[in-house]
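Thank you all for coming. I would like to walk you slowly through one structure this morning, so please have the sequence and the model open as we go.

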Amino acid sequence: MTDLHRRNPCRLPTLLLLSLLTVVGLSMLWEFHLEASVMHWLNLPYDGDFEDAERWRFVLTASGFSMLSLILPTVVLKRLVVNTQSSYRRLQIIQAQTETLAKYDALSGLINRRVFMDVLHKQLDESQPVAILLIDLDHFKAINDQHGHSAGDSVLVEIAHRLQGIAAIHAGTAARLGGDEFCLMFQGHREESELSEIAELTVRWLSEPVLEATLCGRLGATIGISRSWMDAREASSLLHCADTAMYRGKNTGRSTFNFYDNDYERLMRAQADLDLALKHAVDREEIVPFFQPIVTLPSQQVVGFEVLARWLKPDGSTGMPGDFIPILERLGLIPAMTRSLVRQACRAASRWDDHLNLSLNVSATMITDELFPDHLFDQLKQENFPFDRFEVEITEEALVGNLEAAQRNLSKLHGHGISVALDDFGIGYSGLYHLTRLSIDKIKIDRSFFEAGNIDHLPMVEAILGMARSLNMKVTAEGIEDFHQPYLPKWLAENGCHYAQGYLYGYPQAGSTIATAVHGPSIACIAAQN
Ligand code: C2E
Ligand code: CA
Ligand code: CA
């Protein structure tokens with residue numbers, strides 16, 4: 001029975017019967033008692049000499065008509081009541097469904113994010129200890145992409161089921177926070193070892209194949225753990241801590257768990273700040289070319305400069321390429337930085353003697369980008385810089401990733417008169433294969449061959465020089481320093497090395513300094529400045 005029925009015990013048939021009895025009673029009362037008194041009281045003529053049969057006829061007629069006049073409204077009323085009752089019942093069902101939807105995730109049946117946060121807030125407001133394990137599925141997107149959303153949904157339902165199992169074993173609560181993100185909440189203080197055990201179990205259970213093993217076998221989970229008594233006392237902060245710990249796992253191999261670590265977060269924040277600062281640095285041309293002279297041997301006259309990137313930071317310090325180039329690689333900003341360097345370097349070089357060359361370091365991502373040569377040609381044309389005074393330097397590591405693409409690009413550059421130098425030669429692959437198959441004009445012998453006390457490397461240098469001679473390639477010796485004077489430059493020249501580069505001839509320096517130096521009387525000026 002519905003509440004409506006319970007609250008209205010006078011049902012319609014009863015009401016009808018009561019009306020009938022009332023009408024019959026009233027008409028009897030009127031006919032047999034009241035009529036004469038009322039007529040008399042009103043002082044109206046009244047013939048009271050009626051047969052009882054006549055009086056009963058009146059009672060029956062009055063009652064009959066009254067009943068007949070009640071039937072239609074009763075039927076209508078009955079209908080109305082029935083309709084109202086069923087609408088009310090529907091309303092109650094909808095209300096119950098809405099309440100369920102507001103609390104529980106429709107797909108998994110676990111409590112949803114809102115309720116989870118409410119519970120967490122309540123727990124923390126009451127200063128009760130709570131630990132949360134934030135769980136993000138690994139490779140879930142692949143399941144959705146490869147097998148469709150209904151397979152994805154089945155996986156989520158199964159995962160929810162497993163998490164509910166774990167929550168039941170360890171007296172916790174499982175929630176789905178959205179997408180493939182779940183959470184286990186444990187109220188009360190738990191030891192680190194116990195939480196580790198739960199996390200390990202969770203990673204293991206969630207890595208078990210879901211559905212048919214072949215379909216979704218490689219699912220896993222990465223977990224971040226935070227504890228109110230150690231990490232944060234506010235709900236969203238606690239969740240943020242778990243999130244940070246979870247991302248740490250995502251960055252370091254997945255299918256693992258991590259406790260929140262304040263130092264790691266500080267490191268991440270510093271990294272994010274550095275990323276942003278570097279994005280601005282590229283946009284605002286804070287990354288500028290420095291130029292290091294390359295001299296010809298034996299005369300030791302400057303023939304050109306290698307462009308070396310420097311980050312002139314807003315705080316006045318200078319960033320070195322070893323520190324920021326890998327970050328720019330990760331951010332995909334190397335092409336933008338290189339374009340900016342080429343533009344700035346060409347503009348600086350336009351003020352120098354017109355026999356001076358420019359050498360540009362080109363990273364792996366760029367040398368294999370098939371648009372790179374055309375973009376470079378366009379830029380050099382725009383800056384009015386002759387192709388035959390431009391050189392690109394690439395390392396062998398850059399070549400091996402995508403040899404065919406690199407080969408095409410190098411041939412194209414070479415075909416347009418831009419020369420190609422193989423950088424850091426001798427420490428990487430140093431295979432003859434690259435030297436003979438690719439359009440390489442020059443080898444730059446790595447500076448480690450000329451480090452102090454490494455005199456025993458000279459036979460190797462001699463061999464490289466011999467090989468270059470037979471392949472008809474030019475050679476630059478890198479890392480020639482003051483202490484090599486006077487022996488090494490002389491030795492290199494005698495053994496057929498064409499060029500030298502190093503602190504002996506000049507440090508990498510800003511374009512403005514170079515302009516004065518190369519217009520001066522001799523190379524000695526550059527060396528003297530250092
Ligand atoms: P690299 O191409 O081998 O550049 C030569 C490095 O050796 C430069 O370091 C230079 O300052 C240093 N050097 C030059 N002469 C001497 C010397 O006599 N002794 C010693 N010990 N070192 C010497 P830097 O400028 O720190 O550059 C490091 C590396 O960063 C470069 O090595 C290059 O691989 C990369 N790099 C620099 N600028 C760029 C750039 O614009 N684009 C790309 N993709 N990479 C760059
Ligand atoms: Ca170089
Ligand atoms: Ca080098």
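This is a predicted model: local features need pLDDT of at least 70, side-chain atom pairs count only at pLDDT 80 or more; totals for chains, interfaces and linings use all residues.

**Starting from one residue**

Let us begin with Val 203, which touches Ala 221, Ile 223, Ser 255 and Thr 256 when residues up to four places away in sequence are not counted, where contact means heavy atoms within 4.5 Å. As for conventions, residues are numbered from 1 along each chain as its sequence is written, chains are lettered from A and ligands numbered from 1 in the order in which they are written, and side-chain values use heavy atoms, with hydrogens and water left out.

Val 203 lies in helix H7, residues 192-207; helices (H or I, at least four residues) and strands (E, at least two) are DSSP runs, numbered from the N terminus. Val 203 is buried, with a relative accessible area of 11%, and here buried means under 20% relative accessible area, exposed means over 50%, and partly exposed is in between, using a 1.4 Å probe and protein chains only.

Asn 258 is found in strand S5, residues 257-259, and at 18% relative accessibility Asn 258 counts as buried.

**The nonpolar cores**

Which residues touch the most other members of the largest nonpolar core? They are Ile 287, Phe 390, Phe 450 and Leu 492, out of 73 residues in that core, a nonpolar core being a set of buried Ala, Val, Leu, Ile, Met, Phe, Trp, Tyr and Cys residues joined through side-chain atoms within 4.5 Å. Helix H12, residues 334-349, gives the most to this core, with eight residues. If you select Phe 390 and leave aside its neighbours within four places in sequence, you will find contacts that include Val 342, Leu 358, Leu 360 and Ile 418. There is also a second, separate core of 30 residues, which includes Phe 140, Leu 195, Leu 206 and Ile 223. As general background, nonpolar side chains tend to be buried together in soluble globular proteins.

What are the protein donors of the calcium ion that is ligand 2? They are Glu 306 (OE), Asn 361 (OD1), Glu 393 (OE) and Asp 423 (OD), lying 2.1 to 2.3 Å from the ion, where donors are N, O and S atoms within 2.8 Å of the metal (3.2 Å for Na, K and Ca), and because water is not among the atoms, sites may look incomplete. Asn 361 lies in strand S9 (residues 357-361) and Glu 393 in strand S10 (residues 390-394), so this pair ties together parts that are 32 residues apart in sequence. Asn 361 is partly exposed, with a relative accessible area of 29%, whereas Glu 393 is buried, at 1%.

Asp 423 bridges ligand 3 and ligand 2, which lie 3.9 Å apart. Asp 424, in strand S11 (residues 419-425), and Glu 478, in the loop between strand S13 (474-477) and helix H19 (487-494), link distant parts of the chain, 54 residues apart. Asp 424 is partly exposed, with a relative accessible area of 27%, while Glu 478 is buried, at 10%.

**Backbone details**

Most residues other than glycine have a negative phi, and most peptide bonds are trans. With that in mind, please look at the cis peptide bond that joins Leu 297 and Pro 298, where omega is about 5°; Pro 298 lies in the loop between strand S6 (287-296) and strand S7 (301-312). The peptide bond from Gln 485 to Pro 486 is cis as well, with omega near -15°, and Pro 486 is in the loop between S13 and H19.

Finally, Arg 254, which is not a glycine, has a positive phi near 60°, and Arg 254 lies in the loop between helix H9 (235-251) and S5.
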